[in-house]
Amino acid sequence: MWRLKVADGGNNPYIYSTNNFVGRQTWEFDPDYGTSEERAEIEAARQNFWKNRYQVPASSDLLWRMQYLREKNFKQTIPRVKVGDDEKIKKETAIIAMRRGAHFFSALQASDGHWPAENAGPLFFLPPLVFCLYITGHLDTIFPGEFRKEILRYLYCHQNEDGGWGLHMEGHSIMFCTTLNYICMRILGEGFDGGKGNACARGRKWIRDRGGVTFIPSWGKTWLSILGLFDWSGCNPMPPEFWFFPSFLPLHPGKLWSYIRVVYMPMSYLYGKRFVGPITPLILELREELFLQPYSEISWKKVRHLCAKEDLYYPHPLIQDLIWDSLYICTEPLLTRWPFKKLRQKALEVTMKHIHYEDENSRYITIGCVEKVLCMLACWVEDPNGDYFKKHLARIPDFIWVGEDGIKMQSFGSQAWDTSFALQALLACNMTAEIGAVLKKGHEFIKESQVKDNPFGDFKSMYRHSSKGSWTFSDQDHGWQVSDCTAEGLKCCLLFSMMPPEIVGVKMEPERLFDSVNILISLQSKNGGLAAWEPAGALEWLEMLNPVEFVGDVVIEHETVECTASAIQGLLLFKKLYPEHRTREIDNFIKTTAKYIENEQMPDGSCMGVGEYASWFALSGLAAAGKSYHNCLAIRRGVDFLLNLQTDDGGWGESYLSCPNEKYTPLEGNRSNLVHTGWALMGLISSGQAERNPTPLHKAVKLLINSRMEDGDFPQQSLESLRRTACYTLQLIGIYFHCGLSQSMYDGFQCLEACFIAMSSKKLYEKSLDDVQKCPSPLDSVN
């Protein structure tokens with residue numbers, strides 16, 4: 001049976017940590033673990049998922065939840081409450097609902113203080129890892145029998161009814177993911193017509209019906225070339241000489257978005273080497289299966305610009321194709337011949353230097369899973385027996401997650417992000433006397449997860465920003481600063497500093513808080529906004545050069561309302577507690593960030609065409625900056641936007657299609673989603689809706705209370721809608737801007753926090769919670 005382990009580095013000599021692996025999540029299979037009844041319970045969860053996979057494609061993350069609730073012997077003893085259709089929400093009902101949720105989620109806390117969670121969903125994450133291990137000869141070692149079984153389960157569970165696979169688990173089938181997942185099944189041992197429900201035959205038919213894999217987009221062409229299923233001459237050039245470019249040029253590595261920069265580092269190395277894996281009998285079979293014409297007769301130069309219509313979100317403009325053609329016809333033939341070949345060799349050495357730098361600074365986690373596999377393969381190509389590759393192998397477990405739908409690969413973890421919101425939700429419930437130990441453990445985790453140093457050496461020359469004082473999306477070892485994660489981590493530490501240390505532990509040292517403030521201020525762009533990873537500032541026209549056909553806005557950093565609003569709230573709370581530190585800079589920061597949020601609002605009141613999530617942050621950020629419904633047009637527009645979207649049952653529900661459409665799109669049938677309802681509810685409360693007309697809030701809270709399950713959890717529903725840093729809820733690479741991710745723990749806390757904030761609102765319910773707490777919440781003084 002599968003078992004989740006936390007803060008465990010194992011005995012591998014090639015793995016190391018900056019904080020004793022606090023926050024690390026890994027899975028192991030133990031054939032002797034669990035009783036027959038427990039195994040039957042897990043099998044029932046798998047069967048239930050399979051039966052309902054098209055209605056609810058996102059996993060409920062049940063395996064580790066069952067494990068934790070069982071190990072802690074958790075039994076929900078607080079009775080479930082319901083609110084009738086015409087019944088008003090009584091104070092006692094609100095308190096009961098609040099306590100049920102708080103006790104349930106407290107039981108899911110890990111031993112090191114964080115809340116584990118799956119952070120997956122895009123369907124092109126896992127296959128490249130299988131490809132890499134197949135090429136390097138480590139597939140059987142890393143993925144023995146039980147692993148393969150669960151990987152195949154995941155592929156079967158998320159195959160669409162038409163036989164293909166989508167960009168994410170709710171998306172329409174595309175050539176990129178269908179091809180990658182088909183090859184993955186075949187590498188894992190499925191035959192020509194094998195797989196559950198004829199998975200291979202159906203997938204292959206989908207590919208061939210659309211012209212074969214010559215129509216796969218550029219990233220797919222790259223991976224097929226690496227596997228020996230495509231020719232590198234069928235790819236647009238990715239010259240490693242790019243890493244020589246001087247900084248004064250508009251197109252320079254340091255001006256790219258961090259994710260796309262680290263993706264193309266190893267890609268350009270592998271392209272420059274023209275690396276091709278071993279041509280095995282299976283590869284020869286796949287050459288026959290995936291193309292409509294004989295492999296030897298394909299004119300590779302004619303397929304470079306082909307892309308299936310299902311994949312084509314961002315068509316290349318003419319100028320981009322002209323650049324590719326110029327490089328292909330003029331530059332590449334020179335760089336592959338003497339004497340210019342020496343320049344290519346030097347470029348490969350420089351590129352590899354950058355790859356090693358990124359690997360070492362992230363403890364071989366890298367910035368995300370797409371980059372992880374490419375960097376790992378590049379290290380193997382450089383030296384198959386070297387320590388660099390062995391260190392990469394040791395960190396593969398950090399990306400593996402097991403659910404009732406099988407094994408999936410995470411983008412990377414979301415431990416720090418989830419825990420910061422979990423703690424704020426629990427603080428909002430005002431139950432310190434009951435859950436003090438939980439809060440203390442969570443506080444320790446947040447403190448232990450702060451990044452304490454900058455990247456080593458001359459990090460600016462390696463295109464890195466400072467990171468000292470930041471929080472990552474996952475754990476300290478990851479090392480990559482994230483603006484909103486830093487702001488939320490800072491808020492948590494400040495809130496705990498206002499509470500008795502004998503209950504929640506010793507507060508963080510002021511110098512470390514100052515470090516967090518410094519990095520937040522450093523991440524602000526000239527227009528007042530904050531991007532997620534690094535300061536934005538590159539020229540917008542560079543997006544015309546986006547080489548990735550299936551997503552947009554991935555070339556440069558972009559500021560976002562969500563990151564900006566988080567920073568406003570964090571710095572305002574800091575200023576209240578430390579009024580003498582960088583006062584002028586913080587005042588100017590708040591003024592310009594608030595103006596940025598107002599300027600980003602669309603005429604309909606939404607932010608960039610996306611609904612409840614961005615609106616929650618925009619409204620709460622503006623309110624924190626001193627704006628109100630009465631003196632701020634942006635708040636009035638934002639409130640009207642949300643109120644006009646409320647569904648008949650009191651909730652809100654947005655489709656992921658808002659992302660690619662860049663226009664608010666409700667869920668089919670105008671149904672509600674509990675997470676979206678929580679977001680909208682918190683946004684409206686922060687805007688002062690309770691003072692104006694609390695009826696919409698009552699309807700939303702009633703829906704949340706009545707939707708709770710027997711154990712105190714909320715049911716898994718559809719994916720969240722994400723765009724730009726709406727996806728920094730889940731902190732993904734630009735590819736995921738137009739995807740959704742499954743993250744049921746984060747969902748639960750968003751609903752929970754909305755309930756707690758609503759239930760403790762003075763204007764909604766009588767402020768009399770003495771029967772459930774003795775130590776006042778720090779949120780009381782903040783509010």
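**Exercise 1.** Work out whether N181 counts as buried or exposed, and say why.

*Solution.* Start with the cut-offs: buried means under 20% relative accessible area, exposed means over 50%, and partly exposed lies in between (1.4 Å probe, protein chains only). Next, take the value for N181: its relative accessibility is 2%, so N181 counts as buried. Keep in mind that this is a predicted model, where local features need pLDDT of at least 70, side-chain atom pairs count only at pLDDT 80 or more, and totals for chains, interfaces and linings use all residues. Residues are numbered from 1 along each chain as its sequence is written, and side-chain values use heavy atoms, with hydrogens and water left out.

**Exercise 2.** Find where N181 sits and what surrounds it.

*Solution.* (Helices, H or I with at least four residues, and strands, E with at least two, are DSSP runs numbered from the N terminus.) Second, list the contacts, meaning heavy atoms within 4.5 Å. Leaving aside neighbours within four places in sequence, N181 touches L123, P127, L155 and W165. Third, look at which backbone oxygens its side chain reaches: that of C177 at 2.7 Å and that of L123 at 3.0 Å. Both can be checked against the rule for a polar contact: a pair of N or O atoms within 3.5 Å; within protein, one must be able to donate a hydrogen and the other to accept it, and residues adjacent in sequence count only if both atoms are side-chain atoms.

**Exercise 3.** Describe helix α26: what is its span, and how many of its residues are buried?

*Solution.* Begin with the span: α26 (residues 674-686) has 13 residues and runs 18 Å from first C-alpha to last, close to the expected 18 Å. That expected span is 1.5 Å times one less than the number of residues. Then check the cover: 12 of the 13 residues in α26 are buried, including W679 and L684. Now try the ends. At the start of α26, a side-chain oxygen of N673 comes to within 2.8 Å of the backbone nitrogen of V675. After the helix comes G688, with a positive phi near 90 degrees.

**Exercise 4.** Say how many disulfides the structure has.

*Solution.* Recall that a disulfide is a pair of cysteine sulfur atoms within 2.5 Å. A search of the whole structure turns up 0 of them. Take C330: its nearest cysteine sulfur, that of C235, is 19 Å away, and C330 is in no disulfide.
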